[in-house]
Each structure stands twice: as C-alpha cells, then as structure tokens.
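Here is a friendly note to read alongside the structure. Take the points in order, and keep the viewer open as you go.

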Amino acid sequence: MEISRRDFLRLLGISTAGVAAGSVGCNTIWSVPDEVVEKIGGAPRRESWKTSVCSLCPSGCGIKVRLIDGIPVRILGNSINPVNRNGLCPMGETGIEALFNPNRIKHPLKRVGSRGENKWEKVSWDEAIQSIVTRLQSLREKSEPHKMAFWSSQGNNLQSGLIEQFTTAFGSPNFFQFDDNNVAKLATRITLGHEKQLAYNFENIDLLINFGGDFLDAGPAPVRFNQIYAEIRNRENGQQAKIIHIDSRLSRTATNSDEFIAVKPGTMAALALGVANVLINDGQYDDEFIAKNSFGFFDWQSKEGKSFNGFKHFIEREYYPEKVAKITGVTASQIVDLARKLSAAKSALVLSGGQASASTNGLYTSWAIECLNALKGNFKENSPISLAPHPPFAEIQEVQMDGIATKGLARTGLSQAAGDFCFAEYSVSNIPDAISQQNPVEILFLANANPVFNAINQAGFTKALSEIPFIVSFSSFMDESNAFADLILPDHVYLEKHEIVHSIPMIDFAHFSVQQPVIEPLFDTRHPGDVIIQIAQKIGGTVASSLPWVGYKEYLQDRVKGIYETGTGLPFSEEGDEKWLKYLKERGWQIFEFTNFKEFWQVLLEKGGWWDPFPQQMDFNNVFATPSRKFEFFSQLLEKEIQSHVQTDAISSDNIAAVLAKLKIAAPGDMAFIPHYEIPHFDDGDGRFDLHLLPFNLITNVNGMGNNMPLAQEMFGMLTREYWNSWLEINPETAHEKGISEGDFVKVTSSRGSLTVRAKLLPTTMPGTICIPFGLGRINGATSKRVGVNPYSLLVEKYDHLRGIPSLISTKVSVKKANGREAV
Amino acid sequence: MPKWGMIIDLNKCTGCGDCVTACKVENNIAVVGQEESANGRTMLWMDIITTYEGEFPNVKVRHMPRPCFHCEHPPCTKVCPVGATYLNDEGIVAQIYPQCIGCRYCQVACPITVKTFNWYTPEWPGRMAEACNPDVAVRPMGVVEKCTFCIHRLQKAKEQAAVEKRELRDEDYVPACAESCPTRAISFGDMGNPTSKVSQLKRNPRAFAVGEDLGIEPKVYYLSEVE
C-alpha cells in the first residue's frame, strides 16, 4: 500500500467530510488505506464486538474482537473470561495479521512437483476428498487400517476427541498428539497413579517455590501466570507471598521472583531431595499426612516378607546438604535456608516445569520435586493443590468398530513401539524409525503438527515424511512439514471457525471457552472437523455411523448439551458478580435458567464460554489411584512396569539390574523405585563440546506459532532489542574466555550441526551455558529470507530415560567467533 | 481542564510486552521489516527498557515500559519550526502529521528518545491494510510520530459523553497500553483532579519520575519495585 503525501491530504479531506456527515467517534485527522475507504464509502463505520478464543498457542485466552463494518481491526482480552481476565499476550495482539496474511493457503492444493519443490496445483474439495476416501477404503479392504496415522497438536480442544473417534472407528492406533502437556501427564501417573492433572490455587499461599517452570514466557498459560505473579506480589491485604525460583537461566519468570537459586543443568532432583533431607532432619514435615496417606516413607516390609528401606532412610543417607552442594552448585547453607523457608511457610506451594522435566532424568526430577509438596502435606483438603476439574461434556457416542477396526487397533502404535522406555505412550523417539522400518505408514494426516520444525530429531522426521506415500495436511499456511504433503486441505484461521477450548492446565475450576467465527471465511477453506466427518461418511459402514454429525458445529453442540442438561456452572459473567453468585448458589438458587439449548448456546457465544466457579471440595482419599491408594515415595507402579520388562525380555527376575541398565537407569536395585538423582546424560560429541545449550521460549512467539504474523516477528526479542532475529545469550565471563564480544557473529556447533547467530553478553546466563530462543528459523514467505535460527536443528536425540519425552537441555555445543563468510 | 497522566507500577509489571504490541496494533504503527529493523529503525511508541545490574546469579533485571512522558515543559515542541508538535490544553503533547516537515529536530531534542521517524511509506502486505484501525491516521513517509496517549480515544470518549449529555468520566478514556496490560500495572487518568486514582497513586511514596531534574515535568510516573 502506498500513500503519498498528496494522497494523505486527499484522504484527510474525505475523512473529515465523513466526520461532518455525522460519523461519531473519530479523530479529525484520521485516514485509512485506500481499500478500506473504498469498502466503507460513506458508510456509518459501525462498531461491533464479538467474543472468541485465541488459538495461536494452546493456553486458550478468551478474546473479544472489535469489528468495524464487519472487519476485525483489534483483538482484546475478554474481560469476563476467567482464564485470562482481560489480559492478552503480545502474540495474541497480532492475530488479525494471520487472518489477512497474503501467504495463506486459499484453496485445496495438490502437489505436482517433487517433494520439497513447493509446486502445487489447485484442486476442488470434492476431488481432494474423493482421492483420500479411495485410498482409505483400499487400506480397509486390505485389512490394514493401522497404516493410517494422524498427528495433531494442542490437546485441550474438542477436535482431538473427534479425531480419536475417527481413527478408532477406522482402526488405527496411530493418533498422536505433539502436546506439551504429555510431560505432565506421566508425572502424575507416578505420584497419583492416573493422568488427571493437578491444579493450583495461589490465593492464600505465602511461599511459591518454582523449580524451573518458565511460566511467564512459555506454557501452559502465560497470560494467566503473568497475572498470578503480579497478584501474589501485590495483594491488597498486604500479605505478599514470596517467590523463589530455581533454574539454570535467569528467565523472565526468575527475574520476576524474589529470590533466584542457580543450579547446574539437570541437577534439580538433587536439590529437591537435599531440601527434603533438611526437612526430614528438622522433623518439619506433615506427620499426619505421611502416616496416613503415604507409602514407602518409613522402612517397610512387602507381603512376601522382604524388607525395604524407606524414602526417609534413603534421603538421610544420600542427600545431606554438603553432598547436594557438590552436585548442584548450590551452597549447603542456601539449601538449608531454602528448606527452612519452606518449613516456616504457612501455606507453601512447590511447582516444577521447564528445565526440571527437560533433562534425561526428567520424570525422577518431577517426582522428587512433588515429594516436597507431599512432605508439606499439600495433598489434602483445603491445600493449594487440587485435581483439575473438567467440564461435564456429553460423552461422544460409543465408537462402533467392525472386524477390520478391531484388528487394526490391536496392533502396536508407532510411539508404543519404543521398547527402551518404561512409559512409551507419549514418546516421539521411535516414531521416525518405526515409520521407516517395522511399521510403515501409508497415509498420514497432519493437523497443526509440524515435527520437522519443532521436534527433536529433525533429520529423522524429514526422512520419515519423505518415505510416507501419501500425506494430507490441514494447515492454513505453508510450513516445513506440509512441504512434504501430497494434498493440502487448508483450515480456516482461528478467527473464522468454531471450536471449544477447555481445561487449560493448572487451573482449579472447570471451564471452557467458545470460539466462533468473527468473520466469514475469506477463502475457500474448510474446518478439518467438517472434512473428517465428510470423509467418514463417504467411507461408510461403522466409520460413518460412529461419526453421525452433519458438521463439526453439530458435534460441538452435542458435546455441550451434556453441560446444559446437568445444569452445573454458568456462562461467564461480569467480574464482581462472582461473590454474589456464590452467595445465591450456596442458598440453593438456580442462577441461570434457559428455556432451551439454543438459548444457552446463544448466551455462550455472547459471553465467550462457561465455567463452574464453585468447585467441589476434593476428597483426596479418592484421588490416589496408585497400587497403595496413597502418595507413593516408593513407586509400586514403576516397580510393576520394570518387572513387566523383566518378563518380556525373559531375564531372570533377580536380574533386575540388566533391565535397569537397558533402560539406562543408573540407580542400583530398589533405589530405582524411589525418587532420586540420576546423573543426567549430555551429548558432548565425545568431549568436543563444552557449553550447555539451554534453549527457551518467548511469549512473543511460543514454539514458532507467531511466524505467520509480521508484527509478532518484529516484536520477537523486544526486551533484548533483537527484532526479526534470533540471538545467543552468553555470560560475559564465558564470552571473554571464548574471545567473543557483544554483537559478534558466533558459530555454534553441536553433534547435529551448526548455525551462526549474533551474541548478546548477558549476566542472566549461567557461566558455561548458552541460551538461544525457540521460535524463529523459518523462511519468510514475503522475502524468501531466513528469519533467525532454529535451535531444534542443534538438538541431539536425547530422551527422558523413563518416558521417551524429548530432553531439550541435553545437548552440549561449542562456540567460536564466526569468520566473515560464515557471518553472512 | 484535565491534565492526563499515567502511572506505571513496576512492582506489577512483569515485562511481558503486551503494552508494546497493543500500542503498535491500535495506532497502525508500521512494521518496518527485517532489514530496516536491523538498521535500528523499528518503530515503537511504547517501548520496554530492560536494565541488568550485578553478576550471575545475583542479577537484578528491571523492565520499564516507556511511553511518551507528555512533559509539561516539552523540549520537543520548542524546537519544532512549523508548530507540528505542541502541548495541548489537556496536557497531551500532540502531533499534527500533515504539518510535519520531517526535520527531526524534535527527535533530537527529546531527552527520553520517544520520537520515531517514518523513513519509508508504511506497507501492509496483501489485505492486511484492511485490519488497520480506522480511528488512527496512517502516517506517510517523512513524518515524525510518537505516543499520543491514544488521543483518538479521548476524542471518541468526549463525543460519546456529549451525546449522552454528561461530563467526561475518568474511566471513559484509557489508552490501549493501559487497557490491555494483563497485570493492570498501568493506570491512566486526570492528574489535575486530586481525587483521581492517578493523583492518589502519584502521592504514593514509591512514586518517582524520570527526567524531573531536566525540568521537563513529565506526566508519566513510575511506582518503584518493592525490594
């Protein structure tokens, strides 16, 4: 768009005339781009607002969109959505750019060139869908439904339920979600015995100890956590809570805390257990909870009469502060001080996240940290911890399976094929190999998943995708993974479609937010849900009868009817009304009444969603589903799992050591079933690399999801003043040793490759480490220039030894000042 | 006449940067692109100044959102040869874009460096121009611009109050940054009214201003962090 000075003055004339003609609410010197002037002509510039949900990252913030004559011009936070209460993040602000982005895929595309050549041809929807149906039908005719795979991301919407229904009815065990919450799911499996997530209440705590969770910049709900951090430091009653942050990098979350404790990468488990040691020695733990609701704390005997040492014995022996100090780099007095602060606190909460679970000992680390909550007695009524409640959606009708589907589902899924891990359901480690070897996939659907860009083992995924004969992608934009696709069936962007986003992790009330189109689709795009339903209908048989809906919207409404019928909760309501509502509810009043579902749905669209602000008191006796029905300091579940490996590997059961060695667990014998510090494995290229690489996420572009918005890229490093660019953070001391100065181009090399990036000397980086932000490293569609670098390309395939979840801090690198040519 | 002013509570600010982006979107501030950004021409009306004190691990990092301070004695207006920037009756340092000749004297004169210059005609790829805020002028090449306290919102609020035949209330007029701040660190209102929220906050012992020693009398105050 060009506006010359003359045009500008001309526009000014037009606009002031518009004002004179009675338009309200504008500056006398406003002017707008030509296209818009043309569109609105002399129109009244009518302003309207619509509520919806932001889907740029999975944290599900409620938004309200300002429309002028039906065109969205601004996105604000929805002030009555309890998830984000008016707040929004920088990336969320830029969402409209995704809508009008010229790089959007405007109609279905069929690949005509070779893979990666980026040559496409327009096809009609009917033709595209028919070609998929033909292939899927032939898979079923050959009785090979397991050769279809479906990859998606973001588990907290209702679309994943529909996809699962489809893959199950079809007979494929290969529905996989690249979802950050997978990490947390397995952590609670050990501590609680199920995968339901924990939720936290920060209202009354006086101490928050955060082990590595970069909650202000990365998931699961950054806007909410920015608000929580501000709130607990600025309580109106003057009772401020202290926040202690433990990490290897001074993230923005750390700098917003009251105290920072630096630990060596991968050693947080040792620190947590060191704190436990002091608590135990001081006798400062919740006796009652430990005695009644925990298992394995004291020495115990099994039914067979074998005696075991308890957690207490083991911690007292192994994790005294002086020893922990050597492992973690935290001084013994700091450890004692931390433990004393924890025991002195009336209501303390210990959280873990980020780097705590990103090492090869991640599950043991999360478990060790959770033990501090147990010692503090946080797993009981009226404590800051509860189980995350879910909205009572209607269950999807039972899936119908024919013989083909039943047989297909009985096969081992791609991720479960990973035999080297205890809990492999969420492991991505084996997927690329499984596709190339044992378990060939013939048709792959990609919905929002881009493993070539943001998964560890990029080379493996690239190879796997190039070997799959037929790939269908549901992306709105070209990306690294759908470059391999054979068909692209473009999705709407989030401002054009229906969806329900629910149960954002860590939130202690049941809620869901309704996404609705704020504008009619600009292009010939379709909702993946609608496409899946259509495909199922065409396949026919039990697949069709399992997905009987007319369209995706009907599916959503069917699910929400469950809530309408139970009558629980209420649509979002104005702030301040909450107490009044509670008062009425307690006295048995029905707060909202709707004559029919249609009315209920209309109110949901208007208010933006539903919540249940009156959580039921948690009965923690029913929470633990572990074998002992208690909090386990000795995990019988893990023991059972490892025993089953003993059986499958046909090793004699005394020889547990062999299995542990195979699982790369160093702890001897029974110690493996108690939270302990496993020495983390790092890839240092046989001693060639000396610096830890600690990649991190930024709120301006979480996981590269802001790459389709120019403004999100321009604002990428607004705090470090690196706009449109990646940077490398290095401690001034380390930089001096390496001969690197501020602004130098630096070549970073790992076992997987190298990249060149500008150095920033920051005291927030630990000596001996470097940090590079995730998010950039894409080709800019408009200029075909690469924007920044992608640290995933450096990461070595290291996984959590129990879970097979990518270990993002286990790569070591070397840095060297780049010569002139490399710098370009 | 009201005197509009702003208070930014640094104890609440987490440095998320939402104010910066909200400001860019609200005011149709040009996205200058990869190359021009590398040349230091990124245009920000609201900026966050980050400072680091100390050495790892004992580092104090401070984030300080910085809009235009709308000084009572603004150095920028005094050097403008054409009267394109001036202090209006309500204390806002306003810009008249069509009058600006792009000499950039004001940019040099501003001690807070809040002014930014349009080196090129702003561009919006494809149909993105459709999503511009129609309330705010798009500035052409060769013009200096800066934070206006979202003056278009004041205009709108006044018109609305006039239609409803009532006085302008404090909460009627809020700039985009204050409106979007997730932690409600930014308060805005009439500093001339001793009972307004901003006047009360200004009397808080934590309140301080930047550049008071220069005699510019800024109308943006900060509340210092509680150590």
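This is a predicted model: local features need pLDDT of at least 70, side-chain atom pairs count only at pLDDT 80 or more; totals for chains, interfaces and linings use all residues.

1. Let us begin with Asp282(A), which is partly exposed because its relative accessible area is 31%. Residues are numbered from 1 along each chain as its sequence is written, chains are lettered from A and ligands numbered from 1 in the order in which they are written, and side-chain values use heavy atoms, leaving out hydrogens and water.

2. Which side chain meets Asp282(A) in a salt bridge? The partner is Arg340(A), at 2.7 Å from N to O. A salt bridge here is a side-chain nitrogen of Lys or Arg within 4 Å of a carboxyl oxygen of Asp or Glu. Arg340(A) lies in helix 14 (residues 332–344) of chain A and Asp282(A) in helix 10 (residues 268–282) of chain A, so the pair ties together parts that are 58 residues apart in sequence. Helices (H or I, at least four residues) and strands (E, at least two) are DSSP runs, numbered from the N terminus. Arg340(A) is partly exposed, at a relative accessible area of 43%.

3. Now for another pair: Asp486(A) and Arg111(A) form a salt bridge, with their closest N and O atoms 2.5 Å apart. Asp486(A) sits in the loop between strand 18 (470–473) and strand 19 (487–488) of chain A, and Arg111(A) in strand 4 (residues 109–111) of chain A, so this pair ties together parts 375 residues apart in sequence. Is Asp486(A) buried or exposed? Its relative accessible area is 11%, so Asp486(A) is buried. Arg111(A), at 21% relative accessibility, counts as partly exposed.

4. The whole structure has 54 salt bridges over all chains. One of them joins Lys147(A) to Glu144(A), the closest N and O atoms being 3.4 Å apart. Lys147(A) counts as buried, at 14% relative accessibility.

5. Have a look at two helices next. Helix 5 (residues 125–141) and helix 6 (residues 159–170) of chain A pack at an angle of about 45 degrees, with axes 11 Å apart. Axes are lines fitted to C-alpha atoms, for helices over the stretch in contact, and angles run from 0 to 180 degrees between N-to-C directions. Helix 5 and helix 6 of chain A are therefore oblique to each other; angles under 35 degrees count as roughly parallel, over 145 as roughly antiparallel, 65 to 115 as roughly perpendicular and the rest as oblique.

6. His527(A) is found in the loop between strand 21 (510–515) and helix 20 (528–539) of chain A. With 3% relative accessibility, His527(A) counts as buried. Beyond its neighbours within four places in sequence, His527(A) has contacts (heavy atoms within 4.5 Å) that include Gln159(A), Asp491(A) and Tyr552(A).

7. Finally, where do the chains meet? The contact takes 79 residues from chain A and 73 residues from chain B. There are five salt bridges between chain A and chain B. In one salt bridge, the side chain of Arg66(A) meets that of Asp135(B) at 2.7 Å, N to O.

Definitions and conventions: Buried means under 20% relative accessible area, exposed over 50%, partly exposed in between (1.4 Å probe, protein chains only).
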